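Have a look at the sequence and the fold before reading on.

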Amino acid sequence: MGILNATPDSFSDGGAVPENALAARVARIIVEGADILDIGGESTRPGADVIPVEEEWRRVAPAIDFAVAAGALVSIDTRKAEVARRALGRGARLFNDVSALTYDPGSMAVAAEYAAAGGVICLMHALGDPKTMQQDPHYDDVVREVRDYLAARVAACKAAGIPRAALIVDPGIGFGKMLAHNLTLLRNLHAFREIGCPVLLGASRKGFIGTLSGEKDAARRAPGSVAVALHGAQQGVDILRVHDVRETVQALAVDTALRAI
Ligand code: HH2
């Protein structure tokens, strides 16, 4: 899964996102080998502010159109039911919600629409919301608590008529987790397979890679991100959410060949 941030601050000029730059980014992620394009218009970085629906939609709509036209499987990374519903109407087939459908009361109904259209929903664990989540998060047993939470969200979806086959689970690396929590989750990814849904891992360029490596610039964390991606793949993760698609695809090809019996 290649990440496309349709946020003005992810472009160097800091202004409106130029459409030709957006189209080029979409094309590059596909050419580099991503099977899924994850398009987001609202940053969920620690401390980030919420933006209105219309602003988020204005940011993501052109990227969705480019990606659908290019034949990509499009994922919409949003916590807002209305943005997800519009994206479905424009051809997105994966609803990636970092709040596991808890942020917006309308999200469960939209998730059911995705499932009915043959789409899928990614349920991610987060402790608290992005504004406050890194303020001293506490767990007694992080693996058990995250796994139980995701299993409960899968059960809630099933109760709403969404089949397990339409669900993906994600431990939510960096969302209300300190370094030790992230490392414990990464060492125990197999625990999430017990839920019975495909597992998605989003660790690319995240803060813990900076902490471990000393690299303060997130854009220069590809090597550490690839290391985590390989580790995830070896632990049976089904989908890797990454910024550095070409580097990850190449590393996975070599790693897969080395491990073939
Ligand atoms: N992480 C981010 C956003 N969406 N979705 C899933 N399923 N899993 C993740 O780990 C995940 C996610 C982080 O978002 P942000 O901090 O805005 O940066 P970026 O989108 O560049 O990764």
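How many cavities of 30 Å³ or more does a search of the whole structure find? The search turns up 2 of them. Keep in mind that this is a predicted model.

Here are the pockets and cavities side by side:

| Space | Volume | Lining by class |
|---|---|---|
| Largest pocket | about 1,300 Å³ | 16 nonpolar, 16 polar, 18 charged |
| Second largest pocket | about 250 Å³ | 10 nonpolar, 2 polar, 2 charged |
| Largest cavity | about 50 Å³ | 6 nonpolar, 3 polar, 1 charged |
| Second largest cavity | about 40 Å³ | 1 nonpolar, 2 polar, 4 charged |

Start with the largest pocket, which holds about 1,300 Å³ of space. It has 50 lining residues, and those closest to its centre are Asn 5, Arg 45, Ser 204, Arg 205 and His 243. Several elements supply at least two residues each to this lining, among them β1 (2-5), α1 (19-31) and α10 (245-259).

The second largest pocket comes in at about 250 Å³. Its lining counts 14 residues, with Met 1, Gly 33, Asp 35, Leu 240 and Leu 252 closest to the centre. Two or more lining residues come from each of β8 (239-240) and α10, and α10 gives the most, with 4 residues.

Now for the cavities. Around the largest cavity you'll find residues including Leu 201, Ser 204, Val 228 and Leu 240. Helix α9 (residues 222-234) provides the largest share of that lining, 3 residues. The second largest cavity is lined by Glu 42, Thr 44, Glu 56, Asp 77, Thr 78, Arg 79 and Val 98.

Terms used:
Residues are numbered from 1 along each chain as its sequence is written. This is a predicted model: local features need pLDDT of at least 70, side-chain atom pairs count only at pLDDT 80 or more; totals for chains, interfaces and linings use all residues. Side-chain values use heavy atoms; hydrogens and water are left out. On a 1 Å grid over the protein atoms alone, a cavity is a set of points where a 1.4 Å probe fits but cannot get out, and a pocket is an open set with protein on both sides within 12 Å along at least five of seven lines; lining residues have an atom within 4 Å of a point. Grid points are joined across faces, edges and corners, and a volume is the space filled by probe spheres set on the points. Ala, Val, Leu, Ile, Met, Phe, Trp, Tyr, Cys and Pro count as nonpolar, Asp, Glu, Lys and Arg as charged, and the others, Gly among them, as polar.
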